[in-house]
Amino acid sequence: MTTRTVLRPTPTTSLLVHRRSAAVAVVLLGLLAAVMLASACVGQTYVSPAEVWHTLRTGDGPHALVVAELRVPRIVLGALVGAALGLAGSLVQTVTRNPLASPDVIGVGHGAAAATVLALATGTVTAPGAMPVVAVTGGLAAAALVYVLAWRHGMQPSRFVLTGVGIGVALSAVVQLYLTDSELEAAEQIKLWLTGSLNGRGYEQAGPLAVVLLLSLPVLGWASRASLPLGLDPDTAAALGVRVDRVRLGLTVLGVVLAATATGAAGPIGFVALTAPQLARRLTRTPHLPLLNAALTGAVVLVAADLAARTLLPPLEFPVGALTALVGGPYLLWLLGKR
């Protein structure tokens, strides 16, 4: 029994759609809307769904500050960061052919953290609004360094991952040295950022990430097609006419850009990029990692984790990165046990 449907929107265009993937995407969209609505309603002050809708539609009401200024911008940022991390994790895992790989493994998070720390330590950047730009630059530079060092007449996924782990350890040592030798206030600021948090963030950070995601849409269309042959061994893919190294480089660059931008917006939030692609793959039961469903899964996971971080022990609020690490650690151990 076939699991795919051919759509012909125009006489010269045809699309091959995996029916289960499409159904899962619809369910995930509904689940994401439900989680976002719950996050807008629940907190130290409960706001009914009708009042949330009225506030968003008119921008006025007794809960305008709580809903429109505090919760909704944070929810939007969480959904965008989760989607970007889900996409980035799916692309990196496709390139490495390793479900244990993620952008953190290839040094993106460590590079962003080291760049932020060095900028603060040297006084190069003092404006808070410039920190995301510094983090993105550091993440891209770290990933580029890993790629260059891992290149030996071609890029082997295993060497790429191991080189990323080594660079990540070295950059993590730079951060730890700064924390042990810095003033308490600066160290606390960096420690909070390193944990990953959506607290105090909103549209200002979501705007650049939304632009990057929109600009990435045409490239993601290419990536969804180009990633399919990479599920085969490199020799078979090359025999089919695929330029394996170029495709791997393109997918890696796209994944690193998305991960670095998400890290710049919310700090290094661990395990979302690792878990979202594998959860999406298990839901869709496809041999390859589904990009759209990985993005939706990442968005659902991060918005739900942020809701739990805000409401588990009120009025105490956990950084969402700490909660995703708490849940992601056992998942990683389970994945290692299966392998």
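Start by selecting Arg-74 and Glu-317: the two form a salt bridge, with their closest N and O atoms 2.8 Å apart. A salt bridge here is a side-chain nitrogen of Lys or Arg within 4 Å of a carboxyl oxygen of Asp or Glu. Arg-74 sits in helix 3 and Glu-317 in the loop between helix 12 and helix 13 (320-338), so the pair ties together parts 243 residues apart in sequence. Helices are DSSP runs (H or I, at least four residues), numbered from the N terminus.

This is a predicted model: local features need pLDDT of at least 70, side-chain atom pairs count only at pLDDT 80 or more, and totals for chains, interfaces and linings use all residues. Residues are numbered from 1 along each chain as its sequence is written, and side-chain values use heavy atoms, without hydrogens and water.

Arg-74, Asp-306 and Glu-317 make up a network of salt bridges.

Now colour by relative accessible area (buried under 20%, exposed over 50%, partly exposed in between; 1.4 Å probe, protein chains only). Asp-306 is buried at 2%. Arg-74 is buried at 7%. Glu-317 is partly exposed at 32%.

Move to helix 4, residues 108-122. Its buried residues include Val-108, Gly-111, Ala-115 and Val-117. Just after the helix, Gly-123 takes a positive phi of about 75°.

Finish on Ala-141 in helix 5 (residues 131-150). Ala-141 is partly exposed at 48%. Its C-alpha lies 9.2 Å from that of Ala-115, 26 residues away along the chain.

Conventions. Helices (H or I, at least four residues) and strands (E, at least two) are DSSP runs, numbered from the N terminus. The expected span of a helix is 1.5 Å times one less than its number of residues.
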